Amino acid sequence: MADKTKLAFVRTFGCRANVSDGEKISGMLAALGYGFTRDMNAADLILFNTCAIRENAELKVFGNVGALIHLKRQKPDLLIVVCGCMVQQAHIADKLFKTYPFVNLIFGTHVLHKLPELLREVSQKKRVMNIDDSIHSVIEDLPIRRDTSTHADVPIMYGCDNYCTYCVVPYVRGRERSREPQDVLNEIRGLLRDGYRHITLLGQNVNSYKPSFAELLREIDVLECERGEFRVSFMTSHPKDLTRELIDTIADSKRVSHHLHLPIQSGSNGVLRAMNRGYTVEEYKSIVAYARERIPDISLTTDIIVGFPGESREDFEHTLSLLQDVRFDSAYTFIYSKREGTRAAEMPDTVNDETKSAWFTEMLGVLDGICETVYTRYVGKTLRVLCEGEGRTGQYAYSGRSREGVLVDFDSDDTDIPGKFVNVKIDKALKWAVTGIKE
């Protein structure tokens with residue numbers, strides 16, 4: 001009788017870079033012979049790939065790991081693995097190792113490529129922790145297991161050199177390292193041959209890609225594709241490094257998305273200085289103005305942090321004013337979360353949690369008012385949409401995204417359209433999407 005295939009349960013928390021790491025983790029596990037399950041009770045290996053950006057993400061992981069003790073008692077041979085950004089912090093790794101003795105393997109972001117070797121070590125020692133941060137090279141040719149058939153994320157660089165005072169990323173991801181352009185281009189060529197139609201380039205700050213992000217986009221834009229049509233997007237851009245050359249490259253391209261995710265974080269110059277963001281509100285608005293001049297249909301999204309240490313009511317009102325002036329398509333909004341080891345964690349904080357929550361609620365109200373109307377500009381227009389699958393509103397058969405990054409729910413008499421580009425006439429705007437009919 002053949003040996004039963006071992007099953008792995010892999011759960012990733014956090015950003016798209018973490019998701020990309022999770023795809024490599026799954027690829028390595030598949031190469032080791034593992035199958036995959038969505039049922040933890042059926043798994044022979046449970047792996048949590050973690051996030052360190054906010055405290056809530058860490059608390060969620062601790063809760064999920066703690067709950068596994070009952071399953072481990074039922075299945076003593078179950079392998080439990082915790083990895084990723086959260087674990088790269090020494091104080092977190094030590095807490096996991098000491099508090100959860102049933103966890104077999106703890107490893108950080110810099111040794112992800114060593115997963116097969118670490119699992120072999122676990123088979124000998126039962127428990128292993130490795131958060132070595134001395135590896136700074138880019139590791140190519142790792143196996144990747146993707147769960148999507150039309151969209152693929154492609155990291156082009158790793159790490160960050162900006163050291164924003166609130167952010168733990170440079171400490172858990174290391175300094176910036178860019179992949180060679182030909183390695184990126186070859187990976188994208190392979191994805192296009194495999195039928196992927198939307199490629200998202202990833203980096204903590206893609207604008208810092210070396211030798212030139214604008215040139216890389218130009219080279220991707222002219223790649224050949226047997227089916228003729230594909231789309232390229234990217235995230236995340238840092239405002240201080242967003243050049244007019246890059247905006248011109250997007251404007252002149254055939255395939256690059258007309259969507260720019262450009263985190264402002266605050267509308268106050270004083271807070272931006274305290275955050276070490278490297279730009280002013282006026283410089284940010286100038287970038288936005290030029291982008292809208294060169295790319296009239298561009299959609300803009302952003303990140304906002306409320307309650308940064310030392311932020312005053314006046315500072316917060318500057319943020320509200322910025323939102324009204326710029327009128328983003330949407331915003332990812334957060335209440336400041338203290339991260340151990342960052343400079344902001346040592347800054348005096350004079351605003352209590354109740355006030356921060358009240359400000360946050362007030363800001364959401366302003367954003368809701370903007371979002372009530374922001375998508376109405378698409379009504380009556382025809383958008384080119386990559387169909388990604390079933391509708392998300394519950395009222396339409398299909399869903400996809402336009403070149404502007406807008407979520408589009410639509411109906412069609414055709415049934416063979418998932419994975420294809422279609423024209424959709426927009427008839428209605430929602431706060432978070434638009435709807436229409438395939439032409």
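Me: In the hairpin of strand 16 and strand 17, which residue takes a positive phi?
Reply: Gly405 does, with a phi near 80 degrees, in a hairpin that has 4 residues between the strands. Strands here are DSSP runs (E, at least two residues) and helices are DSSP runs (H or I, at least four residues), numbered from the N terminus. The model is predicted: local features need pLDDT of at least 70 and side-chain atom pairs count only at pLDDT 80 or more, while totals for chains, interfaces and linings use all residues. Residues are numbered from 1 along each chain as its sequence is written, and side-chain values use heavy atoms, with hydrogens and water left out.

Me: In which sense do strand 16 and strand 17 pair?
Reply: Strands of a sheet pair through backbone hydrogen bonds, either parallel or antiparallel. Two strands count as paired if DSSP finds at least two bridges between them. Strand 16 and strand 17 are antiparallel, over 4 bridges, and Tyr398 has Phe410 in strand 17 as its bridge partner. Strand 16 also runs antiparallel to strand 15 (residues 382-390), to which 5 bridges join it; there, Leu386 is the bridge partner of Arg401. Because 4 of its 5 residues are buried (under 20% relative accessible area; exposed is over 50%, partly exposed in between; 1.4 Å probe, protein chains only), strand 16 is largely enclosed by the rest of the structure.

Me: Where is Glu404 found, and what does its side chain meet?
Reply: Glu404 sits in the loop between strand 16 (398-402) and strand 17 (407-411). Glu404 is buried yet has no salt bridge, and the nearest side chain of opposite charge, that of Arg403, is 6.6 Å away. Lys and Arg count as positive, Asp and Glu as negative; His and the chain ends are not counted. A salt bridge requires a side-chain nitrogen of Lys or Arg within 4 Å of a carboxyl oxygen of Asp or Glu. The side chain of Glu404 does make a polar contact of 2.7 Å with that of Ser402. A polar contact is a pair of N or O atoms within 3.5 Å; within protein, one must be able to donate a hydrogen and the other to accept it, and residues adjacent in sequence count only if both atoms are side-chain atoms.

Me: How many salt bridges does the structure hold?
Reply: There are 26. In one of them, the side chains of Arg313 and Glu362 meet at 2.9 Å, N to O. Arg313 lies in helix 13 (residues 313-326) and Glu362 in helix 14 (residues 353-374), so this pair ties together parts that are 49 residues apart in sequence. Asp349 and Lys356 form another, with their closest N and O atoms 2.5 Å apart. Asp349 is partly exposed at 37% relative accessible area, whereas Lys356, at 5%, is buried. A network of salt bridges links Glu23, Glu140, Arg146, Arg179 and Glu187.

Me: Which residues of the largest nonpolar core touch the most other members?
Reply: In soluble globular proteins, nonpolar side chains tend to be buried together. A nonpolar core is a set of buried Ala, Val, Leu, Ile, Met, Phe, Trp, Tyr and Cys residues joined through side-chain atoms within 4.5 Å. The largest has 69 residues, and Leu201 and Phe213 touch the most other members. A second, separate core of 28 residues includes Phe9, Ala52, Leu68 and Val172.

Me: In what order do the strands of the open sheet of 6 strands lie?
Reply: The order is 2-1-3-4-5-6, with parallel pairing. Strand 2 (35-36) and strand 6 (128-130) are the edges, each pairing on one side only. Within this sheet, strand 3 (residues 45-50) pairs with strand 4 (residues 79-84) over 6 bridges.
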